[in-house]
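Here are a few notes for reading this structure alongside its sequence. Please keep the model open while going through the points below.

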Amino acid sequence: MPALRFLGGIFLLIAVVILVADITNARGPITAGLAVSTAKHWSNLAPASLASGQKSAQAVSSILWDPILKSFLAIPAWSLFALLGSLLAYIGRRRRRVNIYTN
């Protein structure tokens with residue numbers, strides 16, 4: 001499970017980088033800069049990829065894109081990556097070794 005811990009660390013690092021970038025690009029109150037959605041970041045980085053993802057999701061089901069994925073992409077990018085990183089790090093954590101003694 002070290003690979004999951006590593007991916008969790010990478011996602012947490014990405015979350016911190018996005019958070020710092022959002023704070024430094026804020027042009028008003030600091031809370032206004034923290035709410036940059038994942039869809040906005042995705043459209044800034046790769047608009048063609050976002051459009052093809054939308055087409056693919058709508059081809060599978062019309063309900064999949066509009067209420068489900070659209071609301072998922074409205075989450076701020078830093079919190080989404082922090083949540084995924086924390087989840088992967090938790091799943092990949094080292095388990096406590098249990099000693100079983102028998103007579």
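1. The residues to look for around the largest pocket are Val-17, Ile-18, Ala-21, Thr-38, His-41, Trp-42, Asn-44, Leu-45, Ala-77 and Phe-81. Two or more residues of this lining are given by each of the elements α1 (2-24), α3 (38-45) and α6. It is α3 that provides the largest share, with five residues, and the space that lies in the largest pocket comes to about 250 Å³.

2. Two of the helices that contribute to this lining, α1 and α6, also pack against each other, at an angle of about 160° and with their axes 7 Å apart. Since angles over 145 degrees count as roughly antiparallel, α1 and α6 are therefore described as roughly antiparallel to each other. The crossing in which α1 passes α6 is left-handed.

3. How far can the coordinates be trusted, and what is the mean pLDDT of the chain? The mean is 87, and 91% of the residues reach 70 or more. Among the elements of the chain, helix α6 (residues 77-91) has the highest mean pLDDT, at 94, whereas helix α2 (residues 30-33) has the lowest, at 56. Where pLDDT is low, the predicted coordinates should not be read in detail.

Terms used: Residues numbered from 1 in each chain as written. Predicted model: local features only at pLDDT ≥ 70, side-chain atom pairs only at ≥ 80, totals over all residues. Heavy atoms only, no water. pLDDT = per-residue confidence, 0-100. Helix = DSSP H or I, 4+ residues; strand = E, 2+ residues; numbered from the N terminus. 1 Å grid on protein atoms, 1.4 Å probe; cavity = no way out; pocket = protein on both sides within 12 Å on 5 of 7 lines; lining within 4 Å. Points joined across faces, edges and corners; volume = space filled by probe spheres on them. Axes fitted to C-alpha atoms, helices over the stretch in contact; angles between N-to-C directions. Parallel < 35°, antiparallel > 145°, perpendicular 65-115°, else oblique. Left-handed = near helix turned anticlockwise from the far one by under 90°.
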